[in-house]
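Q: I would like to learn how to read the surroundings of a ligand in a protein model. Could we go through one slowly, starting with the terms?

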Amino acid sequence: MSDRIPAVIATASSVAILIYACATAPTTTTNPSPNGPARPVTLPAQIPGGQRVPLTDSARRVRDSVNAARRDSGAAMVLRSIAGRENQPAESVFKNIKIFKGIPAGRLVNIMNLGFGRSLGVSCGFCHVIDKWDLDDKEEKTTARLMFAMVQTINKDYISKVPNDRGEQPVVNCFTCHRGNPRPIGPDGQPQRVRPPAGE
Ligand code: HEC
Ligand code: HEC
């Protein structure tokens, strides 16, 4: 891999982070005051009351590009550190492999980036302390292992039994539910919770 690629990624990343910072910073506007100089007013980035506001399409695009750039630089960092060993089994290159035994180490890094990270719309730091990839100190990482086992069971025991005469075997993956969100959202844009049946 060319040495210039990480630099390009780093530049893209810092530009994107800047845009993101601007997009999420509290909006300052001007209070039109008839009697004096205009006073700056700071509007909250979030509606009070603790309710989460679903992201607008453009805010989501900015977030996705920032996280994609962060993931690319995290993946490039790991790939550099294992250069020459990409095709060895993950468990012989990395320290704490439980679910990806037998797959090539380089492929594990791509799954992290384009499978896990992109499906959840997050960067590596959602599940890892950066550079301490082997630690299981974040709940999100252990949940991801649970999710992986769930997806395997869904595919093996259920989806594989769906009558399918259109050729390719259908499959469920992280994106099927998450669709770019850390927590899958329902039609109201919120994470789904057990709720009493309608009318109660
Ligand atoms: C949704 C959670 C999640 C995200 C996001 C994620 N990882 Fe992981 N990562 C895991 C899990 C789970 C494992 C353990 C895999 C196993 O047990 O086989 C792992 C393992 C690793 C390992 C092996 C560490 C070792 O020594 O055992 C590396 C390296 C790694 N991830 C890098 C990355 C990078 C780089 C990114 C971003 C591009 C990333 N991860 C994003 C969940 C995640
Ligand atoms: C069948 C649907 C489904 C699939 C497929 C699925 N997930 Fe999930 N995932 C969920 C639900 C539901 C939650 C709980 C969300 C909540 O708390 O609102 C969740 C939660 C998580 C969380 C915790 C998020 C948090 O904010 O703490 C992680 C991490 C995660 N999933 C990773 C994965 C990964 C990695 C895959 C693919 C291997 C995957 N999921 C596949 C439905 C799914």
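A: We begin with the word "near": a residue is near a molecule if its C-beta atom, placed from the backbone, lies within 6 Å of that molecule. Please also keep in mind that this model is predicted.

Q: How many residues surround ligand 1, and which are the closest?

A: In this structure 28 residues surround ligand 1, and the closest are Phe94, Met112, Cys124, Cys127 and Asp134.

Q: Which helix gives the largest share of the shell around ligand 1?

A: That helix is α4, from which six residues of the shell come, while α2 (57-81), α4 (105-120) and α5 (139-158) each supply at least two.

Q: Which residues come nearest to ligand 2?

A: Ligand 2 has 17 residues around it, of which Met147, Cys174, Cys177, Arg183 and Pro191 come nearest. Here α5 gives the most to the shell, with six residues, and α4, α5 and α6 (174-178) each supply at least two.

Q: What is the order of the elements of the protein from the N terminus on?

A: Reading from the N terminus, the elements run α-β-β-α-α-α-α-α, which comes to six helices and two strands.

Q: What percentage of the residues of the protein count as buried?

A: A residue is buried if 20 or more other C-beta atoms lie within 10 Å of its own, and 12% of the 200 residues of the protein count as buried.

Note on methods
Residues are numbered from 1 along each chain as its sequence is written. Chains are lettered from A and ligands numbered from 1 in the order in which they are written. This is a predicted model: local features need pLDDT of at least 70, side-chain atom pairs count only at pLDDT 80 or more; totals for chains, interfaces and linings use all residues. Helices (H or I, at least four residues) and strands (E, at least two) are DSSP runs, numbered from the N terminus.
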